[in-house]
Structures are given as C-alpha cells and as structure tokens.
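Student: Hi, could you walk me through a fold? I'd like to ask things as we go.

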Amino acid sequence: MRSPDFQTLRLTTVGLGIGVLLASLLTLVGYSGFGLPLLLLLALLGLGLTLWSPGRRVLWGLLGSVALLYGAALFTPLVSWALDQLTEAQAPAAADAIIVLGGGLNCAEATPKVASAARLARGVDLWRTGYADTLVLSAQSDALTPAGCPRLNDLLSKQLNDWFDTPPELLILQNVTDTADEARQAAELEDQHGWQRVLLVTSPSHSARAADLFRSQLDAEVLSVPAEEWRFSLSGETAYDRLVGLNVVIYEVLSRAKAWALR
C-alpha cells in the first residue's frame, strides 16, 4: 500500500503538471489577456484541484475536453470549417481609405509580427492598385506593451518610406487597445474626412468580427478585404497547420467571449 506522503506527492506532481500544460496551451493561443501572473495562477489552480477530490473530476473532465478538441483538430476538417465561418471576404472597390488593423509587434526586435506584415502588404497592394489614396494604421496603447516598445505605426511607416519614394497618405488610430477601439476611432476620422466607403484589412480569421464592429460604428460602407494568412495554411494541409489554426480559432472565440462579457 502506498503511503499517504507518496499519494500526496503523486497528486501534487500530476496536478502541477496538468496546470502547466493548460497554461502552456493558452500561451500557444497567444491571447494577450494571459500574462505571466494568470498563467502561474492556472498552474497553481491545477495543483489545488488535484488535491481536492471533487476538483480532480473537474480537472480530468477539462483535460479530456482539451484532448478531444485537439484530436478533432488533428483528424477532422473542424479547423478549416471554423476558419471559414470566421472569415468575410468581399471584392474591393474604389474607396476613401484603406484601414489596416494592427496585428502586433515584437518589442525586443522592433519588428512587426507576421500578421501585421501580411496586413500591411495587403493594404499596400490595394493602394498601389488605386483603390484609395489613404492608408489608416494603428498605434498600440502603452498598456499593451512594455516601456520603451516602439509604436507599430512607426515601424510600418518606416517600411513604407523605405519601399516608396512617395508613400501613401497616412492617418493614425492612436493608443488603441483592441478592435472595438480601432472602430470607434475610425468613426471619428470618418466624421472629419467624410468617408463614404472604406476597405478593411485584417487577418482572415479576424475579418468577420472586425467588419461587424466597424459597421456598428461607421456610417460609411465597409468592405472586408482580408490579407493573406502567412502563419499557416487555411486549408489545414498539414497537422501543424491544423494545430496553429485551432489556436487562432480559440483566440477568436476568447475575443468574442470577452466582447460579450463587457457589453
């Protein structure tokens, strides 16, 4: 028979391991709400639930649900279907402005994240084709990044100046915290400039939600013209693509849940 001390040690090790696993999965999702303190809390929560008999059933149920979700992502078309539901793509048309939503940056390297780069590339392509003369970029709030982190709009503006002798006219959404904030500030620019139609550029998985938010704030027609997805294959060609795609889907679900909770 195992001693009580060994049983406690085993449960402690398993609980802490499960907590760390769940925290790691949330980190892979990339949701900005999961900072280090919350991840540590999740790890300790896993430990606490394991040492509590009813909590063990909750924890095993949660772990089983996560396993089923990732199993479905690996072996079924679930992720491709979900991404299709999250995407809204329309044909571009002549507009007053091209709004390129922020997709994050790497502060230490002072470089845009892949999503930001892809969105800028799509915005530039629309501008060069002649759909609009003005690009609208976002500058993140100080609350989202460490002290000394450059502004995303400054990094993107520098790229435009490096690429073109005569870059597009730029307007900046200042100190934005999320997509809803970008939509509210875009409505203010709409009033100032009398926009009748705008082209909205963001990642495919973000496009339907972003278009809904902008249409709720702007009187101008909003056409959703998403960028290419550079991080993974939307068709789920490989297991890697399907797992990365699932993380993106979970991120969008969490964002929608946050917006619903804050109504």
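Student: Great. What kind of model is it?

Tutor: It's a predicted model, where local features need pLDDT of at least 70, side-chain atom pairs count only at pLDDT 80 or more, and totals for chains, interfaces and linings use all residues. Residues are numbered from 1 along each chain as its sequence is written, and side-chain values use heavy atoms, with hydrogens and water left out.

Student: How many helices and strands are in the protein?

Tutor: The protein has 9 helices and 7 strands. Those are DSSP runs numbered from the N terminus: helices are H or I with at least four residues, strands are E with at least two.

Student: And how much of the protein is buried?

Tutor: 43% of its 263 residues count as buried, meaning under 20% relative accessible area, with exposed over 50% and partly exposed in between (1.4 Å probe, protein chains only).

Student: On to the sheet. What's the strand order?

Tutor: It's an open sheet of 5 strands, ordered S5-S4-S1-S6-S7, with parallel pairing. Two strands pair if DSSP finds at least two bridges between them.

Student: Which strands sit at the edges?

Tutor: S5 (169-176) and S7 (221-224), each pairing on one side only. On average, neighbouring strands here are turned by 25° against each other, direction ignored; axes are lines fitted to C-alpha atoms, for helices over the stretch in contact, and angles run from 0 to 180 degrees between N-to-C directions.

Student: How many bridges join S4 and S5?

Tutor: S4 (residues 134-140) and S5 pair over 6 bridges, in the parallel sense. Within S5, Val-176 is the bridge partner of Gln-140.

Student: Which strands does helix H5 lie across?

Tutor: H5 (residues 114-129) lies across S1 (97-100), S4 and S6 (197-201), running at about 170° to S1. Helix H7 (residues 179-193) lies across S1, S4 and S5, at about 140° to S5. Contact here means heavy atoms within 4.5 Å.

Student: Switching topic: which cysteines form the disulfide?

Tutor: Cys-107 and Cys-149, with sulfur atoms 2.1 Å apart; the cut-off for a disulfide is a pair of cysteine sulfur atoms within 2.5 Å. Cys-107 is in the loop between S2 (105-106) and S3 (111-112), while Cys-149 is in the loop between S4 and helix H6 (152-163), 42 residues apart.

Student: Why is the disulfide left-handed?

Tutor: Because the torsion about the S-S bond of Cys-107 and Cys-149 is about -80°.

Student: Is Cys-149 buried or exposed?

Tutor: Cys-149 is buried, at 16% relative accessibility, whereas Cys-107 is partly exposed at 24%.
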